[in-house]
Amino acid sequence: MTFDQNIQDQMEEARKLGSVSSSDWKSYTWKNELAEQRRRIILHLDEALAEADTEHNPYHMLERAVGIAAVCMRRLIECRLVTDRFRETPLEVHEIDVNKDVEWREPFVSRTSSEIFNNYDMTARRQEKRTPKFISDKMLHARVIGVLSGSTYLPNGLLIASDTQSKTQLFHFSPLEIADLFDAFLRDEVRRTYDGDKDKDGEFSGTRKVFAIRE
């Protein structure tokens, strides 16, 4: 087989494989959706707190919006669409601890916030700092989604906890605090992007491992 024939055969085989089209990850697709879910969460939280007469169930809309917002947050982190500094910087959240002096009651699977007053100390919350990934992971796997109102001890707001988190604490967000959480993601902006390859010894060459820097 001649050299030219070999090249032709390779080109013909390549044509048989078809083509793959794609693009680089971009932040605006996920940030636009996150901004919309931020708006919806605040809207439906206000509706629930005001016991507004609506055609929709604000609690169902809240559950949906929390889940979609969490997906957006996760994609921004996983696709490296936020800065490395933001990914590593803990954000302020408030948490409510479980009651230590009572027997835990497992909530029914069909309910999003049953046994709250038995399982948790609803007289206090504490400030913690959690990474953006930790927060988005817990929201994505939310087992508890509820609205607290009329408490003497805590401000009106949103209760969220994942299936694993719920055995130790709940997130508690006032409307302003949940808005600030989403705004932290929306404000962060990547201005410099570096991608490359590392070899098995960590040198900046080869194709065994890639690195990504976002500033």
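Colleague: Is tyrosine 120 buried or exposed?

Modeller: Buried means under 20% relative accessible area, exposed over 50%, and partly exposed in between (1.4 Å probe, protein chains only). Tyrosine 120 is buried, at 3%. This is a predicted model: local features need pLDDT of at least 70, side-chain atom pairs count only at pLDDT 80 or more, and totals for chains, interfaces and linings use all residues. Residues are numbered from 1 along each chain as its sequence is written, and side-chain values use heavy atoms, with hydrogens and water left out.

Colleague: How many aromatic pairs are there?

Modeller: A pair of aromatic rings is described by the distance of the centres and the angle of the planes. Rings of Phe, Tyr and Trp (its six-membered ring) pair if their centres lie within 6.5 Å; planes under 30 degrees apart are stacked, over 60 edge-to-face, the rest tilted. The count is 4. One of them joins tryptophan 104 and tyrosine 120, edge-to-face, with 5.8 Å between centres and 85 degrees between planes.

Colleague: Where do tryptophan 104 and tyrosine 120 lie?

Modeller: Helices (H or I, at least four residues) and strands (E, at least two) are DSSP runs, numbered from the N terminus. Tryptophan 104 is in the loop between strand E1 (91-97) and helix H5 (116-119). Tyrosine 120 is in the loop between H5 and strand E2 (126-130), 16 residues apart from tryptophan 104. Tryptophan 104 is partly exposed, at 27%.

Colleague: Why is the pair of phenylalanine 134 and phenylalanine 171 edge-to-face?

Modeller: Their planes are at 75 degrees and their centres 6.4 Å apart, so the pair is edge-to-face. Phenylalanine 134 lies in helix H6 (residues 132-140), phenylalanine 171 in strand E5 (residues 169-173). Phenylalanine 171 is buried, at 0%.
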